[in-house]
Amino acid sequence: MEEYLTVQELGERIKFSKQSIYNLIYRKKFALRVHYLKPTPKKLLFVWSEVEKWLRQSMDEPTESVTPNEPDQTEQNQLRKKRNHTIKSDQKEPCSISAIKI
């Protein structure tokens with residue numbers, strides 16, 4: 001019988017934080033209907049046998065040395081761009097004081 005795990009249970013089993021697991025989904029390392037299922041909009045269930053296969057494959061492949069809890073360089077650059085864009089879009093145009101007469 002297939003074993004299904006929540007994000008919390010999977011994180012405890014493979015020693016990853018919840019955020020690291022969500023990052024793997026975002027980076028398309030875990031695929032919907034392969035590695036995990038979404039029975040409701042807010043619920044994720046991971047298929048343990050598929051996650052085990054992924055773990056074995058990822059050990060065989062040479063990968064970048066990224067700590068599971070730290071975003072990779074690409075993610076860091078994207079976050080910086082978003083922050084810079086937010087700051088720029090929140091700034092208001094300077095108003096002219098000369099137009100105001102007392």
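Reply: Begin with one residue and its neighbours. E3 touches R13, F46, V47 and W48, leaving aside residues up to four places away in sequence. Keep in mind that this is a predicted model.

Me: Where does E3 sit, and how far is its C-alpha atom from that of L45?
Reply: E3 belongs to the segment before β1.

Me: Is E3 buried, partly exposed or exposed?
Reply: E3 counts as partly exposed because its relative accessibility is 35%, and that class lies between the 20% and 50% cut-offs.

Me: How do I read a sheet?
Reply: Strands of a sheet pair through backbone hydrogen bonds, either parallel or antiparallel. In this model, 3 strands form an open sheet in the order β1-β3-β2, with antiparallel pairing. The edge strands are β1 (4-5) and β2 (36-40), each of which pairs on one side only.

Me: How many bridges join β1 to β3?
Reply: There are 2 bridges between β1 and strand β3 (residues 43-47), and these strands run antiparallel. Y4 stands opposite V47 of β3.

Me: Which helix packs on the sheet?
Reply: Helix α3 (residues 48-60) does, touching β1 and β3. The direction of α3 makes about 65° with that of β3.

Me: What links β2 to β3?
Reply: A hairpin joins them through 2 residues. The two strands pair in the antiparallel sense over 3 bridges.

Me: How is the packing of two helices described?
Reply: Two packed helices are described by the angle between their axes and the distance between the axes. For α1 and α2 the angle is about 105° and the axes are 9 Å apart.

Me: Why is α1 called roughly perpendicular to α2?
Reply: Because angles from 65 to 115 degrees fall in that class, the angle of about 105° makes α1 roughly perpendicular to α2.

Me: Which residues make the contact between α1 and α2?
Reply: From α1 they are V7, Q8, L10 and G11, and from α2 they are K18, I21 and Y22. By class, the residues of this contact divide into 4 nonpolar, 2 polar and 1 charged.

Me: What should I look for within a single helix?
Reply: An α-helix has 3.6 residues a turn, so residues three or four places apart point the same way. In α2, the buried residues are S20, I21, N23, L24 and I25.

Me: Is S20 buried or exposed, and which side chain does S20 contact?
Reply: S20, which lies in helix α2 (residues 18-26), is buried because its relative accessible area is 3%, under the 20% cut-off. The side chain of S20 makes a polar contact of 3.0 Å with that of S17.

Me: How should I read a phi value?
Reply: Most residues other than glycine have a negative phi, and most peptide bonds are trans. K15 has a positive phi, near 65°, and is not a glycine. K15 is found in the loop between α1 (7-14) and α2.

Me: Where is K28, and what is the value of its phi?
Reply: K28 is in the loop between α2 and β2. Its phi is near 65°, again positive in a residue other than glycine. K28 follows α2.

Me: Are K15 and K28 buried or exposed?
Reply: K15 counts as exposed, with 68% relative accessibility. K28 is exposed as well, with a relative accessible area of 69%. The class follows because exposed means over 50%.

Methods:
Residues numbered from 1 in each chain as written. Predicted model: local features only at pLDDT ≥ 70, side-chain atom pairs only at ≥ 80, totals over all residues. Heavy atoms only, no water. Helix = DSSP H or I, 4+ residues; strand = E, 2+ residues; numbered from the N terminus. Buried < 20%, exposed > 50% of the residue type's maximum accessible area, 1.4 Å probe, protein only. Polar contact = N/O pair within 3.5 Å; in protein donor to acceptor, adjacent residues only side chain to side chain. Pairing = 2+ DSSP bridges. Contact = heavy atoms within 4.5 Å. Axes fitted to C-alpha atoms, helices over the stretch in contact; angles between N-to-C directions. Parallel < 35°, antiparallel > 145°, perpendicular 65-115°, else oblique. Nonpolar A, V, L, I, M, F, W, Y, C, P; charged D, E, K, R; others polar.
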